[in-house]
Structure formats: C-alpha cells, structure tokens
Amino acid sequence: MGTKKRRKLIAGNWKMNKTPSQTKVFVEELNRRLEGVRGCDTVICVPFVDIPAAVRTAKARCITVGAQNMHHEPSGAYTGEISSQMLQDLGVKYVIVGHSERRRDFGETDVIVNKKLRAALGGNMIPILCVGESIEQRERGVTEELICLQIKEALSGVEARQVRRIVIAYEPIWAIGTGMTATVEDAREVCALIRAQIRRVFGAAAARSVRILYGGSMNAKNAKGLLACPDIDGGLIGGASLSADEFITIIEEAVQAGGDDEKPVPVE
Ligand code: PGA
C-alpha cells in the first residue's frame, strides 16, 4: 500500500509578466540557487513567448517549464491560439487549465475546461486544473458543492489511471492577487475535500497519487503553515513567483515540509 508521501510541487504562474530577456535572467538565477535542490518539483508557467527562453535556460534538475493555457484542438482555424502539440514540441510539460482569470475574463466554461484537460492528457502533458469559489459562493455556504461540481465536470470522461497525472489547484477566487490568503484550516479542509471527491469517483489509488496545490496569495511568509498540511502538496504562486527571493524561499519551505523521494508520476 502506498505509504510514501507525494512529492511537493511549487508552480509559479507568471501571468502576463516578464519579457523573454527578463525570463533568461530570472531562470539563470533560479539555476544558480536551486542547483542542489531535491525533493520538490518546480514548474514555471510562463507566457507563451517566454517559453523558448525558459526551456533553453532552465538547467537545474528540479525546474520544468509550463504554459498558462492552450487550445483543446490539435490544429486548425483558431486565430491566436496554441495547441498542446506546439507546446510539447517546445519542451513544455505542464499546462494550467481553468484558471479563474480565464474562466472570468475569457468565458471558459466547465465544458471548455474539460476539453482542454483531456487534450492536455492526450498530448502527454500534465494539466494543473484550477478550481475555487468566489467570496459570494463561500458566504452562501456552497463552496463544497461548487468544488465537487467543478471537479466532476472537468474530469468527465477521464480514466482513473489518468487522474494520477493530474495536478489540482484549489484557488479561492477571493484570495487571488488580493493579499488575502485562506486560513490554513480552510485551505486544508477544501484540499481534503477534493481528495475525498477523487477517491469517491476514481478510487483510492488515484486519490493517493493526485497532487493538490493551494493557490491564492501564497508567499514566503505564509507558505510554511500551508505546506505543512498533509493534503496540501504544494502551491500555485502568482505574484510571489515573480521575485526570485520569494519564490525560492517558498521552494525551500516545500523542501522543509518534506516531500519525499517518490518519482513524479510518469507521463504515459
Ligand atoms: P496570487 O495568484 O499568488 O498572485 O494570488 C495565484 C494564481 O492566480 O494562480
């Protein structure tokens, strides 16, 4: 039985920040300072145009490059869009799917999120699926119901063996970019709920393997408490991932919180 702990994962979401030249300088610093780091996977989800610079520059073993979005179709008449095949060809391994800013500002529905997630899996990428409630939904007491629904819809048609490869980020919308973090207890409770939901639908093995992150104003100061929770396997970091000092401190906290030496779940 799987007594091993899941390896911690710290993913930076740069959003629309940094040019390719700035990316090169930033990743060079990460290389220098993260060279010996073991026991925590680090992903930087950079803007599309920064991907080549990030992939070319990333040398430290623990750093992997991710994208922030992709289209679900492999190719075709979709002006301005990027497919999983294009990302993979550049050496991208992870892709954020269903971020609340995409849902809110670009009209991404649960149906679209599901299509993207399945396309990412089909393209051998690791989707980082974002779910989370608004402040109104939290106040109305529908957080649990909403998160379960988002997960159900996003994972519709996905097989249990594929769920092992997925990363789920719990990101309460009211905590994103606001400086308001969920309390450790609230974050822990929802992450545990997500794992329980995965267990119900996909079984115990999938629930044991799936990595669940917390996102929403995680920073160098509050990371330790959040990362100490057994059901929180890492963080999806926006603002604080733009500063090398902050980001590296969070990674160090993740290493301290003790991931393990289990290999990342292989991409099938
Ligand atoms: P934040 O962003 O850390 O700036 O709150 C998190 C996210 O949007 O993924």
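Residues are numbered from 1 along each chain as its sequence is written, and side-chain values rest on heavy atoms, with hydrogens and water left out. Because the model is predicted, local features need pLDDT of at least 70 and side-chain atom pairs count only at pLDDT 80 or more, whereas totals for chains, interfaces and linings use all residues.

**Overall fold**

The protein chain has 12 helices and 8 strands, where helices (H or I, at least four residues) and strands (E, at least two) are DSSP runs numbered from the N terminus. A compact globule of 268 residues would have a radius of gyration near 18 Å, and the 17 Å of the protein chain agrees with this; the radius is taken over C-alpha atoms, and the globule rule is 2.2 Å times the number of residues to the power 0.38. Along the principal axes, the C-alpha atoms fill a box of roughly 45 × 45 × 40 Å.

Of the 268 residues, 54% are buried, a term that means under 20% relative accessible area, with exposed over 50% and partly exposed in between (1.4 Å probe, protein chains only). Among contacts with a separation of 6 or more, 74% join residues 24 or more positions apart, contact meaning heavy atoms within 4.5 Å. The accessible surface comes to about 12200 Å², of which 52% belongs to carbon and sulfur atoms; such areas come from the Shrake-Rupley method with a 1.4 Å probe, and for residues only the protein chains shown count as cover.

**Aromatic rings and charges**

A search of the whole structure finds 2 aromatic pairs. One of them, W14 with F26, is edge-to-face, with 5.2 Å centre to centre and 80° between the planes. This pair links distant parts of the chain, since W14 is in the loop between β1 (8-13) and α1 (20-34) while F26 is in helix α1, 12 residues apart. Rings of Phe, Tyr and Trp (its six-membered ring) pair if their centres lie within 6.5 Å, and planes under 30 degrees apart count as stacked, over 60 as edge-to-face and the rest as tilted. W14 counts as buried at 0% relative accessibility, and F26 is buried at 7%.

Two charged side chains lie over ring faces, as tabulated below; the criterion is NZ of Lys or CZ of Arg within 6 Å of the ring centre and within 35 degrees of the ring normal.

| Charged residue | Ring | Distance from ring centre |
|---|---|---|
| K18 | W14 | 5.5 Å |
| R102 | F106 | 4.1 Å |

**Positive phi angles**

Most residues other than glycine have a negative phi. K15, however, has a positive phi near 55°; it is found in the loop between β1 and α1 and is partly exposed, with a relative accessible area of 23%. S217 also has a positive phi near 55°, lies in the loop between β7 (211-215) and α11 (223-227), and is buried at 17%.

The 12 residues of helix α7 (residues 143-154) should span 16 Å at 1.5 Å a residue, and the end C-alpha atoms, 16 Å apart, agree; the expected span is 1.5 Å times one less than the number of residues. The buried residues of α7 include L146, I147 and I151, and the elements that cover its buried residues include α5 (110-122), β5 (126-131) and α9 (184-202).

Y94, in strand β4 (residues 94-97), is buried with a relative accessible area of 5%. Beyond its neighbours within four places in sequence, Y94 is in contact with residues including L9, V43, I128 and R211.
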